[in-house]
Amino acid sequence: MKKTCFIFDLDGVLVDTAKFHFIAWQNLAKSLDINFTEKQNEELKGVSRIKSLEKILAWGNKTINEETFQYLMKQKNEEYLGCVKKMTQEDLLPGVLPVLNYLRKNNQTLALGSASKNAKTILQKTAITSYFQAIVDGNSVTKAKPDPEVFLKAAQLLNCPTNKCVVFEDSVAGIQAANTAGMYSIGIGNDKILKEANFIFPSFHQIKIPFIQSLMD
Ligand code: B16
Ligand code: MG
């Protein structure tokens with residue numbers, strides 16, 4: 001019997017980098033005279049960098065040329081990385097490290113499945129790179145969630161059948177991607193928003209070891 005593979009989204013599951021994205025997007029929006037709220041930032045969770053800027057411009061009714069678009073994306077990322085640079089293991093969300101340690105101790109197979117092009121830097125800063133046998137991020141996929149590509153690639157790298165994969169996700173698009181991939185989806189966040197998930201926890205902190213154990217073969 002093939003054993004379970006555990007696939008983790010990054011932002012909103014293992015770390016809270018949404019607050020850093022918010023600072024950087026808000027400054028960018030301000031420079032374009034666009035009002036950008038925390039509620040709108042919620043809608044950018046799990047969304048790629050390009051799509052995020054397109055959405056902000058649409059909200060502000062602004063059009064810019066390709067050169068400016070590229071320049072703004074670069075500027076936003078530099079500011080975001082300024083925040084990421086200061087991250088340490090302390091920035092892992094509560095409850096994450098005990099679960100990762102438990103899975104490692106029990107020889108489980110883990111992968112990262114994130115839309116972020118900065119995923120490897122964040123794993124390094126939080127000192128958890130070595131927990132993952134495969135890393136699939138924004139640099140290795142062509143289609144964004146809800147397309148299942150990111151999770152299917154992770155399963156392929158781990159040589160794991162999709163029906164043996166468990167995905168931890170905080171975004172609706174990510175839950176849809178996991179479901180389309182034929183994987184077991186665990187939502188982290190609001191149960192009204194993540195209602196399509198197979199199982200939902202309000203935060204990672206609520207996930208207890210017996211539950212993790214129940215997912216293992
Ligand atoms: P970057 P996840 C996503 O990470 C974030 O939720 C989303 O807000 C961000 O725009 C996206 O990564 C791209 O990030 O600019 O670093 O490439 O939730 O898929 O881990
Ligand atoms: Mg996420």
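In the predicted model, ligand 1 is surrounded by 17 residues, each having a heavy atom within 4 Å of the ligand. V47, A115, S116, K117 and N118 are the closest of these. By residue class, the shell around ligand 1 comprises 5 nonpolar, 6 polar and 6 charged residues; Ala, Val, Leu, Ile, Met, Phe, Trp, Tyr, Cys and Pro count as nonpolar, Asp, Glu, Lys and Arg as charged, and the others, Gly among them, as polar.

Polar contacts (pairs of N or O atoms within 3.5 Å) link the ligand to the protein. The backbone of G46 places an N or O atom 2.7 Å from an oxygen atom of ligand 1. For S116, a polar side-chain atom is found 2.7 Å from a ligand oxygen atom, and for D9 the distance from a side-chain N or O atom to an oxygen atom of ligand 1 is 3.0 Å. Ligand 1 taken alone exposes 470 Å², of which the protein buries 98% (Shrake-Rupley method, 1.4 Å probe).

The domain assignment, automatic or from a database, divides the protein into domain 1 (5-16 + 91-216) and domain 2 (18-84). Each of these domains supplies at least three residues to the shell around ligand 1. The centres of domain 1 and domain 2, taken over C-alpha atoms, are separated by 25 Å. Contact, meaning heavy atoms within 4.5 Å, joins 10 residues of domain 1 to 10 residues of domain 2.

Residues are numbered from 1 along each chain as its sequence is written, while chains are lettered from A and ligands numbered from 1 in the order in which they are written. Local features need pLDDT of at least 70, side-chain atom pairs count only at pLDDT 80 or more, and totals for chains, interfaces and linings use all residues, with side-chain values using heavy atoms and leaving out hydrogens and water.

Technical notes
Polar contact = N/O pair within 3.5 Å; in protein donor to acceptor, adjacent residues only side chain to side chain.
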